[in-house]
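Hi,

Here is the structure I said I'd pass on. Have a look at it first, then read my notes below.

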Protein chains: 2
Amino acid sequence: MNPAPDPELALEVLTDLVRTDLEACNRLIVERMQSPVALIPQLAAHLVAAGGKRIRPLLTLAAARLCGHRGQRHVALAACVEFIHTATLLHDDVVDESALRRGAPSANAVFGNKPSVLVGDFLFARAFQIMVADGSLRVLDILATASATIAEGEVLQLVTQNDTATTEEQYLQVIEGKTAALFAAATEVGAVVAERPQAEAEAMREYGHCLGVAFQLVDDALDYSASQAALGKTVGDDFREGKITLPVLLAFATADETERGFWRRVLEERDQSESDLDRAIGLMQARGTLQATITRAREYGARALEALSIFPDGAERRALAGIVEFCIARAR
Amino acid sequence: MNPAPDPELALEVLTDLVRTDLEACNRLIVERMQSPVALIPQLAAHLVAAGGKRIRPLLTLAAARLCGHRGQRHVALAACVEFIHTATLLHDDVVDESALRRGAPSANAVFGNKPSVLVGDFLFARAFQIMVADGSLRVLDILATASATIAEGEVLQLVTQNDTATTEEQYLQVIEGKTAALFAAATEVGAVVAERPQAEAEAMREYGHCLGVAFQLVDDALDYSASQAALGKTVGDDFREGKITLPVLLAFATADETERGFWRRVLEERDQSESDLDRAIGLMQARGTLQATITRAREYGARALEALSIFPDGAERRALAGIVEFCIARAR
């Protein structure tokens, strides 16, 4: 597998490759988020206009093309994937009390928590309406199951929050749910819509799953290492909320008694002072846990590339391979 | 149409009539709300154990039987209806900041807003998984559309809150969305699962729709007239939140200048003192707006009974007719 030479460009390469489909998908997103209740498109547009990278719908579009789909069904299903993603973002920001999303004030900060919850519900329901119009029970099954798994991951994240006894296994379950489930569904739907054999649908799903896990691992490392501008959200959010992510988990596992006391105070009791984030980052660097998290992401990235290997070489496969490197390279 | 002689007994009559189906439905609800993430069934059980009347799934079960359905598909679909209803209750209570639900502390009060939002999402997704397993795209369409309409109604309610310029038409749009949409879907699904001609599905839908509007009109009157024990939630909730319901709308429309000043202060500015709820109730009684709201509910009730008239007379039709009177009689 030869990914694109410059990972920074990989997203552009993928976007260019499916540009016509993506534009059709974007038009459909705007069209289907309309409602006689004006606040719904207003709030939805706030998030859409804030300019996500559209990674998930791009994955559906490219996967369908890689699998030889020649029709247009994948466009509507890519929009469903983005609607479900947007709905979970709206609810996440309410749950996390986030003030920033994609570098702009979050919807809950601008419009309040209440409409964010309800517009999330609307987008979720609308996604299912679009899937019904498409008419594939298999697609409906994949995305309904992904939606349930996302919610389970989010609840588990809430339960393990502020609990330094959280295991790596639980952490993995959280990120497989909250992030990898939709990546996996997005790519699997691409193969399903192309009516490919089960083995290809499974390979596509494996690619998406591993990519999603790698993506979230990098995200969790970035929360302690990125500049705020690069992250598009507040740095140290996870720390302030006491989320038990892999960099923290590994630092706690190798900590001495004094350090454990520090982690318990800041994460469990959430008794944090100004300098605590810097100290946390210092401990992580000393133990190499941010690097270890990226190494783990690279392992998942390699599995994602391996899953792609059953597909014919070509522009689509190279673009999807490039996205793996793109997701990991964000950590530089 | 001869409804059951005693409206108080109508719910028992309906429940008895489909008891075996309802018990199967209740078992399925408990079974399908399970998750490896223990907080999900814990929180869901809190609401299930708080003992709703199960009106919506009862409607699906009875409608299917009235339409001659002999299989068991309606049991799973009745569970879907209840899951969607429970999901909206969880999100409503977060949005309304409610402390009580069905006479017990609300889930958000016990578990917090965050898990309430996420468990609502889980139940919603799970409902769609069950529908996919049932395999009817038409049923999926009905319930996906109802879910989108519910969210639209809830957002419109939020937008019109604290706005005394809200029209009767907007109010009707709110309650058709937030309440009647799921009643209509619940009964329509019963006819659809029985594979009856379109006219019967439409009649069933009309019955559910009118029953839902009547139900909500009565609910909105009860918020100003019931005892807290009978209502199972805090009396005056709508007033405190500045919700513009029909009793308020009619009182404002016929108010003199002093009274308008009062309504604006308490509902728009939400500047309320201890005695304001009593004054509001006094004004409503003087103008007969609570009674007018019940009269409107009776009109919808009559339309619901009319819609039933195309079905053969028998225990099911009589039980469904009785439910109309039951919903309205709560206002006594």
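About 3400 Å² is buried between chain B and chain A, and carbon and sulfur atoms give 78% of that. Buried area here is the accessible area (1.4 Å probe) that two parts lose on being put together, summed over both. K114(B), L118(B) and E152(B) supply 18% of what chain B buries against chain A, more than any other three residues.

Before you go on: this is a predicted model, where local features need pLDDT of at least 70, side-chain atom pairs count only at pLDDT 80 or more, and totals for chains, interfaces and linings use all residues. Residues are numbered from 1 along each chain as its sequence is written, chains are lettered from A and ligands numbered from 1 in the order in which they are written, and side-chain values use heavy atoms, with hydrogens and water left out.

Back to the interface: 36 residues of chain B are in contact (heavy atoms within 4.5 Å) with 35 residues of chain A. The rule finds two salt bridges across it, a salt bridge being a side-chain nitrogen of Lys or Arg within 4 Å of a carboxyl oxygen of Asp or Glu. E97(B) forms a salt bridge with K114(A), with the closest N and O atoms 3.7 Å apart.

Now for one residue elsewhere in my notes. T60(B) is buried, at 0% relative accessible area (buried means under 20%, with a 1.4 Å probe and protein chains only). A polar atom of the T60(B) side chain lies 2.9 Å from the backbone oxygen of A186(B).

Cheers

Key: Buried means under 20% relative accessible area, exposed over 50%, partly exposed in between (1.4 Å probe, protein chains only). A polar contact is a pair of N or O atoms within 3.5 Å; within protein, one must be able to donate a hydrogen and the other to accept it, and residues adjacent in sequence count only if both atoms are side-chain atoms.
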